[in-house]
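Got a minute to work out where labels like "buried" and "exposed" come from? Let's go through some of them together.

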Amino acid sequence: MASRLLLLLFVSATLGHAHFPSGQRLKPRLQRDRRNIRPNIILILTDDQDQELGSMQAMNKTRRIMEEGGTSFSNAFVTTPMCCPSRSSMLTGKYVHNHNTYTNNENCSSPSWQRQHEPRSFGVYLNNTGYRTAFFGKYLNEYNGSYVPPGWREWLGLVKNSRFYNYTLSRNGVREKHGAQYPQDYFTDLITSESIRYFRSSKRLYPHRPVMMVLSHAAPHGPEDSAPQYSTAFPNASQHITPSYNYAPNQDKHWIMRYTGPMRPVHMEFTNMLQRKRLQTLLSVDDSVEQLYNMLVETGEVENTYIIYTSDHGYHIGQFGLVKGKSMPYEFDIRVPFFIRGPNVERGTINPHMVLNIDLAPTILDIAGLDTPADMDGKSILSLLETDKPANRFQVTKKQKVWRDSFLVERGKLLHQLVERKEVSQEENFLPKYQRVKDLCQRAEYQTPCQQSGQKWRCVEDATGKFRLFKCKQEGGGTKGVASRQRPMSVKSQLYRRDANVGCDCDPRDLQPPNLRPFNKKPFFFKKKVKAMKSYSRNRYSRSVAMANSYPGNHSLGGGAKWPRPTGNSSEDEFSGMGGATEGMAIPTSHKVTHRCSILPNTTVKCDTGVYQTLQAWKDHKLHIDHEIETLQTKIKNLKEVRGHLKKARPLECDCNKYLYKYKLKNKLRYRGVGGHPFRKGGARDKKAWLLKEQKRRKKMRKIIKRIRNNDTCSMPGLTCFTHDNQHWHTAPYWTLGSFCACTSANNNTYWCLRTINETHNFLFCEFATGFLEFFDLNMDPYQLMNAVSSLDQTVLHQLHVQLMELRGCRGHKQCNPRTQAGGRDHSSFDDYRMFEKRKWPRIKKPSSSRTLGPIWDGWKG
């Protein structure tokens, strides 16, 4: 018995020495828990901060704290170079095609976003596991401050877009306005002081609970208001002048790059001023990082805190002639600074692995000890931060880390309306038609032989193995051997057709009041309609006379000759409104189209003299005409949609008891039954979609009308333009060179790109919604000056397309991370392209286009 007791004491003593160090073994339990507490997390986010244009060179304090005290990633990117889509990806860890926030307006902080994706942000996960979460600064561009997003215990969110003064904050759901006083209202200083106060109070009240904070700065986003003490800094800033600066036009790139000409001197001076003011705003962020670090040192939390510093996307200032902006797939817009420091993070190192904005959410969850949800597309980067020290002296070779070498860059979504436009034909280097048809035929809805409900097209493989698209002849499916169903007639046609023999036995005389004539004896048009159609006919006839006289056999009319009458026996009952003028009509000398221009009978256009005398009057009137054309096009488009809806909603049977012919309603049928209207299906859904479309149309019209009233001529179809003048910046240094106009990007610039960096390749491959292709080998062309897609053969081009299509449809981190392991890659459809031997791409001369689109600055003041 005694021997067993001695053995038990010996074993317990040995285990105690093995599991507890001498310094911790005798400490109370509270102190042991305090030492093993989960780390704090601080995410510092800037807005529009570039990496390629040298913005980090101005932030010496941040570089000392984050570069020397942590790890910097040399290949950090964002998947969408726009504010709201990128921030949504950071919060959810998803690509844009999985959270559906495509632009800064569409679905940005919308009810759909709030219902589906906001409850799955990293803040919600950490809040549920005991972290004290807090958010300070800019959230999403369309956040209205009416609610506090889930997952945040402390909330100080900026309402709408970035500002430094005169903004509104939502403090835990209560709106508070701020003025223009420094320093109490300066946005950068305010969120810095509020975050420090919250961290100190949290550690004082809850010393054992970790803190996760987000500081989302407005700098260096516009309006670029710097703190007063930094308004004279960087007088000769020139880091933005790269080899691609003012390199324009670019006839080998997509359409807006071909359209953009070289900048004028006033634009170049503006880029210098803009770079200077952006760097000045970043000096306040530099102070903020230092204050946060000093606070962590004072509270003793610096060794137990992860600090991450990055931006939502990059920026361009004059590159390729674009005065300013983002949203392009090139390096200056998708590369961002990315630093991390904290426990077990090697200091003063540069990590070459590819990290993305979608990796932020999984990384923060991993730091907190949580697994990455299956629906997140990104991966935690903590595995990249582990040191590669050998475990023992016998381990000579280091184990290669498994990590991605490619990712997707996407902007916008493919709209069906864009495919139908004529501008698509302008692009010349899209994929071959057979390849696009083959990709389309992979969808399930085209593989069945016209059997699905509503199927319009089907794919058929011919004898040569090529796929072809055929239109389904019968609506609702069926084969040619089956007798097609007779097209159902509308209720109105069935009521008034005497010989109708299709399921309805309704006698029109039973529905007519006794004092009315039969339908076939009643004039087709009422007097008001006939009058309107006659007026329309006169206008058309007056414009078509000169064309009719130009045919052989027609003689020109003299000064006193009468206008010819239309031939034929057309009566008023058969009047269609599309023929010639009726007898007795007086042909006007001219047709007034606008308030300043008219069309003469000889088809010539004449405007008043004011339009031809001043350039401003000409611009105003042209803008007015463009507005009128756009309005009519929108109306025609809406009418076509209604017509298509009516064709689909055509009723199959009728009930004579439910309809009543009334003379007071002027031949219009009135439904008197119970339930929904027979011509409407899915009323609630269709009404909602129509309302959304109508809201967008009205918003667009209000903008156009506002431009006309303000005499704003700085707008071009399909482009995002801005006007800059002496009143734009309200803080020093001021702009004094007058107003000018510039266009920065395209509204419909939709693209999907494949960005790859590995041991052998470093390239960007892009497919635009118009079908245009771009390829840049950054080993040979680091500034992406020349589009080298013509140097690729069809096999490599096809493999690039296949890999891009895989990423466009990926969901979850298992599908969205192509990886390379130990110098190789798990076999996939992309292997053939990867094994393609690296070659030196031939030097490509800048192509000369046969059709010059012209610079966008021609004819504008500035």
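This is a predicted model: local features need pLDDT of at least 70, side-chain atom pairs count only at pLDDT 80 or more; totals for chains, interfaces and linings use all residues.

Q: Let's take K471. What does K471 touch, once residues up to four places away in sequence are not counted?
A: K471 touches K456 and W457. K471 itself is found in strand β14, residues 467–471.

Q: Why is K471 called exposed?
A: The cut-off for exposed is over 50% relative accessible area. K471 has 54%, so K471 counts as exposed.

Q: And K253: is it buried or exposed?
A: Buried means under 20% relative accessible area. K253 has 0%, so K253 is buried. You'll find K253 in the loop between β7 (211–216) and α10 (255–259).

Q: Which residues is K253 in contact with, leaving aside its neighbours within four places in sequence?
A: The list is R258, F320, Y330, F772, E774, F776, Q784, L785 and M786.

Q: What makes the pair K253 and N250 a polar contact?
A: A polar contact needs a pair of N or O atoms within 3.5 Å, one able to donate a hydrogen and the other to accept it. The side chains of K253 and N250 make such a contact at 3.2 Å. A polar atom of the K253 side chain also lies 2.8 Å from the backbone oxygen of L785.

Q: Now the open sheet of 10 strands: what is the strand order?
A: The order is β6-β5-β4-β3-β7-β1-β8-β9-β2-β10, with mixed pairing.

Q: What makes β6 and β10 edge strands?
A: Each of them, β6 (174–177) and β10 (349–356), pairs on one side only. As for the twist, it averages 15° from one strand to the next.

Q: How do you know that β1 and β7 pair?
A: Two strands pair if there are at least two bridges between them. Strand β1 (residues 40–46) and β7 have five bridges, so they do count as paired, in the parallel sense. For instance, the bridge partner of I42 in β7 is M213.

Q: Which strands does helix α5 touch as it packs on the sheet?
A: Helix α5 (residues 83–92) touches β1, β3 (132–138), β7 and β8. The direction of α5 makes about 170° with that of β1.

Q: Zooming out, how many helices and strands are there in the protein chain?
A: The protein chain has 24 helices and 25 strands. Of its 862 residues, 45% count as buried.

Methods
Residues are numbered from 1 along each chain as its sequence is written. Side-chain values use heavy atoms; hydrogens and water are left out. Helices (H or I, at least four residues) and strands (E, at least two) are DSSP runs, numbered from the N terminus. Buried means under 20% relative accessible area, exposed over 50%, partly exposed in between (1.4 Å probe, protein chains only). Contact means heavy atoms within 4.5 Å. Axes are lines fitted to C-alpha atoms, for helices over the stretch in contact, and angles run from 0 to 180 degrees between N-to-C directions.
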